[in-house]
Amino acid sequence: MIPRSNRGFIEKKILKNGYDLEDLAFFQRLETDFPEFRFLLGDKFKFRPPKTIVIGPPEAFSRLLTLHEVSHAILKHKGFRMDVTRLKMENAAWEKAKELASKYGIEVNEELIQDELDTYRDWLHQKSRCPKCGLTRFQTPDSRYHCPRCDEFS
Ligand SMILES: [Zn+2]
Ligand SMILES: [Zn+2]
């Protein structure tokens, strides 16, 4: 349950943060459509499991980014340790965000989505490379990486 005092938080803060009236209407609609989620303002767009969506400062794709975070919440994403799972979740959240975008009449920017996903792909690639020999390592469920060439299981 969302305490009553949290409702309408957006209304007071969002304009002060540089958003316009049209944005305000959008965020209010989200608040109405998703009363189970809590919307806050913060320094960047993020989802804090299980139900908090942090709205970052205004930028070109604020609404689309917000829908992406809302999608994480709808899909009930939790903390994730396995990196491949993380990438899958990001993909799933973008797919959901596209669905929501058409419902809310928000323009989808495929380039933004690919850029966002690339940061995870790069990160995944970086993390999976063995620093010693450059071979792609694999992860065990404890999130640790192992190189098939350099590491002995210990
Ligand atoms: Zn995400
Ligand atoms: Zn290695």
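Helices here are DSSP runs of H or I, at least four residues long, numbered from the N terminus. The model is predicted.

**Stop 1: helix α2.** Select residues 21-33. At 1.5 Å a residue, these 13 residues should span 18 Å.

Stop 2: Colour F26, F27, L30 and E31, the buried residues of α2. Now look down the helix axis. The buried residues fall within an arc of 140°, so they line one face of α2. Turn to the other side. There, L21, E22, A25, R29 and T32 are exposed.

**Stop 3: D33.** Stay in helix α2 and pick D33. D33 and A60 are 27 residues apart in sequence, and their C-alpha atoms lie 23 Å apart in space.

**Stop 4: K98.** Move to helix α4, residues 83-104, and select K98 there. How many C-beta neighbours does K98 have inside 10 Å? The count is 18, so K98 is partly exposed. Finish with L67. In sequence, K98 and L67 are 31 residues apart; in space, 8.2 Å separates them, C-alpha to C-alpha.

Methods: Residues are numbered from 1 along each chain as its sequence is written. Chains are lettered from A and ligands numbered from 1 in the order in which they are written. This is a predicted model: local features need pLDDT of at least 70, side-chain atom pairs count only at pLDDT 80 or more; totals for chains, interfaces and linings use all residues. Helices (H or I, at least four residues) and strands (E, at least two) are DSSP runs, numbered from the N terminus. The expected span of a helix is 1.5 Å times one less than its number of residues. A residue is buried if 20 or more other C-beta atoms lie within 10 Å of its own, exposed if 12 or fewer, and partly exposed in between; C-beta atoms are placed from the backbone. The arc is that of the directions from the helix axis to the C-beta atoms.
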